[in-house]
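Please read the points below with the structure open beside you, and look up each residue as it is named.

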2 protein chains.
Amino acid sequence: MTLTFTSDHCLDDDVLERRFTLDGIPGILWTPENPPAATPLILLGHPGGLDRMYPRLLGRARHCAASGFATATIELPGAGDRPRSAPAEQARADLRRAIEAAEPVPAEVVDRLVLPLVETAVPEWRAALDALLALPGIEGPVGFSGGIVSVAVRLALVESRIAAALLFAGSFVPRAILDDARHVTIPLLMLLQWDDEGNDRQLALDLFDALGSTEKTLHANTGGHTGVPGFEGDDAGRFFGRHLM
Amino acid sequence: MTLTFTSDHCLDDDVLERRFTLDGIPGILWTPENPPAATPLILLGHPGGLDRMYPRLLGRARHCAASGFATATIELPGAGDRPRSAPAEQARADLRRAIEAAEPVPAEVVDRLVLPLVETAVPEWRAALDALLALPGIEGPVGFSGGIVSVAVRLALVESRIAAALLFAGSFVPRAILDDARHVTIPLLMLLQWDDEGNDRQLALDLFDALGSTEKTLHANTGGHTGVPGFEGDDAGRFFGRHLM
């Protein structure tokens, strides 16, 4: 796949933001304006919808740039301006219906929603990695940070260039991903918002338990999905500093 | 109660160690040799047995001193050279028997073991605090760090001079302490060793859930009871720095 830059501008705090497309998939690359010779790269995961997520992604990118990391993200399949998938939309509607009825979400709904997304997104992130690591100055090692947690787990399992991952336990996880988790071995930091309304806390704990890595740390904080305390950004920076610098 | 210093010597890295007794209870105070004008104090909790615990306590004290904190600890009731209590020894034997038989530990055994310890230890730590804060240069605010977690929770509830606490979830917790936990409001960091053989993980998670504080963070790491990763010491320093400095 071919990465084509579509715009670039320098943000006021010495971060260079470059938008690109990867065979039509929108993405953003942020680099420190005066990067070290070999800049480690952190892929920023998100729940889909780059425009909607932009302010929070930019905050994370600035934070990483201040510590000498390049960051990059791409749009998820079926999100933002990318074509919708009818089966995924149906699964999303079924999920919403279960949540609104305060019923347990059936495992087959989670499978229908998440597994096709993982199957499509993971090769795209790997292609993005090929293209990004071919750019001058971006050398790795590579980290992955954020959601969707199922994408992160599968990437951590299959993509050997990812040396460490921060997982954000804030979405439904298929059983197949729990099975993947047992075979993951890279150092992990998992964030869990203890009072996240849209997240199954026990499943997040089961996922943490299942992960095969000998170095894994769970940080759980009070508050809802978007209430991650600011100090976790610093902790994340130190985690990636230990494993990527 | 009266604090009497029994020895002092300067450790090689500029930490002053002073042993004391508090009406016969042995204790240790560590201060930076050139402390700031008003030195915050962290009380170092432990499972009992100052001599046995000394190397680990000293490591924590050195780490704290490097960040400008004074630290102090006292022996627990029934531990080290302090007189044994026959009912506590009986409860400890009952606990051991249940664990060796791989049976669930009866709640009444935990109550018999831990509640009298809490009832005796908490007033002693408060008396130690009175005496320590009367010393020149030690001013607070005060933190509590470590186990026994039931002592820490009760202290966090009743001792208003304790502004923040690090809880080490590594021991059995009576139901009465879970009730106490709901009324605790100070900022908390709880450490949990995910594979701690002697610790009930679900109970530790229940305790974290019960704690009433709006700022509470759980750090869970792979490994057994004594396998807390070194980076947690730095995290603890930053936690206390945020709340006591």
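This is a predicted model: local features need pLDDT of at least 70, side-chain atom pairs count only at pLDDT 80 or more; totals for chains, interfaces and linings use all residues.

1. Helices, of at least four residues, and strands, of at least two, are DSSP runs that are numbered from the N terminus.

2. Is B:Phe240 buried or exposed? Its relative accessible area is 3%, and B:Phe240 counts as buried because buried means under 20% relative accessible area. Apart from residues up to four places away in sequence, B:Phe240 touches several others, among them B:Ile42, B:Phe69, B:Phe144, B:Ala164 and B:Met245. As a further landmark, the C-alpha atoms of B:Phe240 and B:Leu133 are separated by 18 Å, while the two residues are 107 residues apart along the chain.

3. The next point concerns the nonpolar interior. In soluble globular proteins, nonpolar side chains tend to be buried together. Here the largest nonpolar core has 125 residues, and A:Leu43, A:Leu132, B:Leu43 and B:Leu132 are those with the most contacts inside it. If neighbours within four places in sequence are set aside, the residues in contact with B:Leu43 include B:Ala72, B:Trp125, B:Leu129, B:Leu132, B:Phe144 and B:Ile162.

4. How many aromatic pairs does the structure hold over all chains? There are 8, and one of them joins A:Phe5 and A:Phe20 in an edge-to-face arrangement, with 6.3 Å centre to centre and 90° between the planes. Because A:Phe5 lies in strand E1 (residues 3–11) of chain A and A:Phe20 in strand E2 (residues 15–22) of chain A, this pair ties together parts that are 15 residues apart in sequence. A:Phe5 is partly exposed, at a relative accessible area of 33%, whereas A:Phe20 is buried, at 2%.

5. A:Trp125 and A:Phe144 also form an edge-to-face aromatic pair, with 5.5 Å centre to centre and 75° between the planes. This pair links distant parts of the chain, since A:Trp125 belongs to helix H3 (residues 107–133) of chain A and A:Phe144 to strand E6 (residues 138–146) of chain A, 19 residues apart. Both A:Trp125 and A:Phe144 are buried.

6. B:Thr31 deserves a separate look, and its place is in strand E3 (residues 25–32) of chain B. B:Thr31 is buried, with a relative accessible area of 7%. Leaving out neighbours within four places in sequence, B:Thr31 is in contact with B:Asp14, B:Val15, B:Leu16, B:Arg18, B:Ala70 and B:Ile138.

7. Turning to the interface, the size of an interface is often given as the accessible area lost when the parts come together. Chain B and chain A bury about 1,700 Å² between them, and 53% of it is on carbon and sulfur atoms. On the chain B side, B:Trp194, B:Thr222 and B:Phe231 lose the most area to chain A, together 29% of what that side buries. The contact takes 21 residues from chain B and 21 residues from chain A.

8. Charged groups remain to be considered. Across the interface of chain B and chain A there are 2 salt bridges, and the side chains of B:Arg201 and A:Asp209 meet in a salt bridge at 3.1 Å, N to O. A:Arg242 lies over the face of B:Phe231, at 3.8 Å from the ring centre. Within chain B, the charged end of B:Lys216 sits over the ring of B:Phe208, 5.0 Å from its centre.

Key. Residues are numbered from 1 along each chain as its sequence is written. Chains are lettered from A and ligands numbered from 1 in the order in which they are written. Side-chain values use heavy atoms; hydrogens and water are left out. Rings of Phe, Tyr and Trp (its six-membered ring) pair if their centres lie within 6.5 Å; planes under 30 degrees apart count as stacked, over 60 as edge-to-face and the rest as tilted. Buried means under 20% relative accessible area, exposed over 50%, partly exposed in between (1.4 Å probe, protein chains only). A charge sits over a ring if NZ of Lys or CZ of Arg is within 6 Å of the ring centre and within 35 degrees of the ring normal. A nonpolar core is a set of buried Ala, Val, Leu, Ile, Met, Phe, Trp, Tyr and Cys residues joined through side-chain atoms within 4.5 Å. Contact means heavy atoms within 4.5 Å. Buried area is the accessible area (1.4 Å probe) that two parts lose on being put together, summed over both. A salt bridge is a side-chain nitrogen of Lys or Arg within 4 Å of a carboxyl oxygen of Asp or Glu.
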